[in-house]
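The paragraphs that follow go through a structure piece by piece. Please keep the sequence and the 3D view open while reading.

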Amino acid sequence: MNAPLTRILYVEDEPDIQMIARLALETLGGFTLEVCSSGKEALAKITAFQPQLILLDVMMPGMDGPTTLSKLRELPAFSTTPTIFMTAKVQPGEVMGYKQIGAVDVIPKPFDPMTLSNQVLEIWAHCHG
Amino acid sequence: MADIGDLTAKIQMLSGVYAAQLPEKIAQIEQLWQQIPPERWDEEGFQTLHRRVHSLTGSGKTFGFAALSDLARVIEYDLSLLMQVKVPPNQAQRTHLEGLISELHQVILDPTASQPDHSGVIAIMPPIQEAIKIRHILIVDDDISFAENLSNQLRYFGYDTRVFNTLSEFIQAINQNTEVLVIMDISFPGDTWGGVTTMQQVQQGQKNPMPVIFLSAQDDFNARLEAVRAGSIAYFNKALNVSRLLDKLDELTSIQVNTPYRVLIVDDSPTLTAYYTAILKQAGVHSYSVNDPLTMMEPLLEFEPDLILIDMYMPGCNGMELAKVIRQIDKFVSIPIVFLSGEKDLDKQLAAIDLGGDDFLTKPIQPQHLVTSVTSRIRRSLMLRSFMVRDSLTGLLNHTAIKDQLDREVARSKRQGTPCCFAMIDIDFFKKVNDTYGHAAGDRVIKSLSRLLKQRLREVDAVGRYGGEEFAVILSDTNSATAIKVLDKIREDFSRLNHFADKTEFSVTFSCGVADVLNFNDATRLCNAADKALYQAKHHGRNQVVGAHPELPPSLAPKIG
């Protein structure tokens, strides 16, 4: 296994979801989190933050999750950074679709704040296993 | 690792903020919907609306509004269908969507209303059901003698009652009373549904609906339905069977806010034990964590858990070995043990169960699964334990259990030099009750005496069913003068109780003998002395309480049957 997971870039446009995810991931999970409210902000901040993992909301105004991912992938340093989509639409076919465009997994919304960080850790362990 | 209690508080605070914003969010959705022109396709309008609804789908459940997420998902799906065809909705579709959108207001009023799916949602558990606190029982009935009689009967069982013979008196009094339960007749003179309509009005002004039990001479479906709509928790026909009513009251008031269940968690990962602790805490379960299995002995004995959760693989000593060790301690022979493990191999699970585990939870463990598995096992184990020591008809300690208890109390009393009384109670002419009114009536008499004893004696006193119609009571830290006084009051009240069989009423008395450990200093002698005193009470005409004298001559000692 690689270095333990500590740094997560989290892209989500909704302030209330941002807050509860921050609690779940920072306070409960102990991760270092950079929260971005849009794909544009993520592109601007990612190089300075150097995340090990990216959590990406699918449906955002302006640049949506998949578009944000493809832009992030264009940056050589983050062409392979594991990325998890978060979405309220999880049909089995869609999960496949997200994986095909480069996501390692999908976390369905609404998520449970008590288990979110465990879910993230499991996926992390999986993609390094 | 963060403080879990603190985290829970923060989550709750965020949920509160979210809840406060919901009405406005929903109003915005309604507004967006109304702004969409009926005659042409408005792509931008639908996109905005869809996004707003989608955001509710994705957030509601996280903040405890599961029903909101579910409903929003339905709306979102309908909107997405429309957006595929890009044709303005027809009248039927509009009405349908409008109905769904207006329902959004409903589901946020009562977030727990529909939660078809609890899986994974534990963050905001509904509060644990507590017993209703009843300070007063308000009896509202125009039949003056019936109401007075019922009031007296309930008073014997320690309930504080007030009687109202008109609805207007009741309405005037209701606002000054909290923690009340209402027993309400359905019909009043000149107003067939007076009781129901009055209750419906009263309930409207209440933050929490008042528990109400309706009484009615008629047993038709309509009456029952109206009663339910007025918040009834029970419905009884007249002629009222008081003993059934009392059962109901006991059930409501004594869903004993039991001492919380206790779980010992043994897992070498502090993160996981903290996680399990948090989950169990939300469900009202106390837990104690041990991260080094080799140090579990002391907490095991001191914490006295109701159940033990053990991680299968730990350094130093594995879960199976630990279970064996625990099982070899007498006290924990029957304690439920649940293994936690990533093990999916059925053979290994069976082996673990064979070695003394009761269940196997596979990691990662769903919070709800953990809670259910733990609480159901504890409940069952406590129930089994109670079957071993409780009498099935009355729920009192059985003969063996009360004698064991007496041994312990006598030892304690001698050690501390405190008094302790033992009383034997025998229902007078019980055979005649059975022969005249039938065994079912006899059983009810036994139950009513056991209920009276339980209600009137203290928590620390032990009450047992010694045999057929014979009861035994241990009053700790009580001298014989006090014990006689207390029991005599109970005797007097018991003799005033009305018992029912078919349409007849009858009353029953008991005799009682009391002995103090200060005069008879071992359990056997104490028992014999109480028995002799009981015989004296019978001999002197029954329906009385007699204290044992240490100098009682042996000639007066023949046993009675």
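Helix H15 of chain B, residues 399-416, lies across strands S11, S12 and S13 of chain B, S13 being residues 470-476. Its direction makes an angle of about 135° with S12(B). This arrangement, like everything below, is read from a predicted model.

The strands under discussion belong to an open sheet of five, in the order S12-S13-S11-S16-S17 (chain B), and the pairing is mixed. Strand S12 (462-467) and strand S17 (545-547) of chain B each have a single partner strand and stand at the edges, so one side of each has no neighbour in the sheet. On average, neighbouring strands here are turned by 20° against each other, direction ignored. Within the sheet, strand S11 (residues 420-427) and strand S16 (residues 510-516) of chain B run antiparallel and are joined by seven bridges. Asp426(B), for example, has Ser511(B) in S16(B) as its bridge partner.

Which residues touch the most other members of the largest nonpolar core? They are Ala423(B), Cys512(B), Val514(B) and Ala530(B), in a core of 51 residues. Leaving aside residues up to four places away in sequence, Ala530(B) touches Phe422(B), Ala423(B), Met424(B), Gly513(B), Val514(B), Ala515(B) and Ala548(B). Another core lies apart from this one; it has 38 residues, including Ile8(A), Val35(A), Ile84(A) and Phe111(A).

Chain A has five helices and five strands, and along the sequence they follow the pattern β-α-β-α-β-α-β-α-β-α. Of the 129 residues in chain A, 43% are buried. Among contacts in chain A with a separation of 6 or more, 60% are between residues 24 or more positions apart.

The five strands form an open sheet with parallel pairing, in the order S2-S1-S3-S4-S5 (chain A). S2 and S5 of chain A are the edge strands, each with a single partner, so one side of each is left without a neighbour in the sheet. Neighbouring strands are turned by 20° against each other on average, again with direction ignored. S1(A) and S2(A) pair over five bridges in the parallel sense, and Tyr10(A) has Val35(A) in S2(A) as its bridge partner.

Strand S3 of chain A, residues 53-57, is mostly covered, with five of its five residues buried. In a regular strand, side chains alternate between the two faces of the sheet. In S3(A), Leu53(A), Leu55(A) and Asp57(A) point one way, while Ile54(A) and Leu56(A) point the other way, and all are buried. On one side, S3(A) runs parallel to S1(A), to which four bridges join it; here Ile8(A) stands opposite Leu53(A). S3(A) is also joined by four bridges to strand S4 (residues 83-87) of chain A, likewise in parallel, with Ile84(A) in S4(A) as the bridge partner of Leu55(A).

Where do the buried residues of helix H2 of chain A fall, seen down its axis? In this helix, residues 39-49, the buried residues are Gly39(A), Ala42(A) and Ile46(A). Seen down the axis of H2(A), they fall within an arc of 35°, so they line one face of the helix. Just after H2(A), Gln50(A) takes a positive phi of about 55°.

H1(A) lies across S1 and S2 of chain A and runs at about 165° to S2(A). The loop between strand S5 (105-108) and H5 of chain A holds Met114(A). Met114(A) has 23 other C-beta atoms within 10 Å and is therefore buried. From C-alpha to C-alpha, Met114(A) is 6.5 Å from Ala24(A), although 90 residues separate the two in sequence.

The two chains meet through 21 residues from chain A and 24 residues from chain B. On the side of chain A that touches chain B, helix H1 (15-28) and helix H5 (116-128) are the elements that give two or more residues. H1(A) provides the largest share, seven residues. By class, this side of chain A has 12 nonpolar, four polar and five charged residues.

Definitions and conventions:
Residues are numbered from 1 along each chain as its sequence is written. Chains are lettered from A and ligands numbered from 1 in the order in which they are written. This is a predicted model: local features need pLDDT of at least 70, side-chain atom pairs count only at pLDDT 80 or more; totals for chains, interfaces and linings use all residues. Two strands pair if DSSP finds at least two bridges between them. Axes are lines fitted to C-alpha atoms, for helices over the stretch in contact, and angles run from 0 to 180 degrees between N-to-C directions. Two residues are in contact if their C-beta atoms, placed from the backbone, lie within 7 Å. A residue is buried if 20 or more other C-beta atoms lie within 10 Å of its own, exposed if 12 or fewer, and partly exposed in between; C-beta atoms are placed from the backbone. Ala, Val, Leu, Ile, Met, Phe, Trp, Tyr, Cys and Pro count as nonpolar, Asp, Glu, Lys and Arg as charged, and the others, Gly among them, as polar. A nonpolar core is a set of buried Ala, Val, Leu, Ile, Met, Phe, Trp, Tyr and Cys residues joined through C-beta atoms within 7 Å. The arc is that of the directions from the helix axis to the C-beta atoms.
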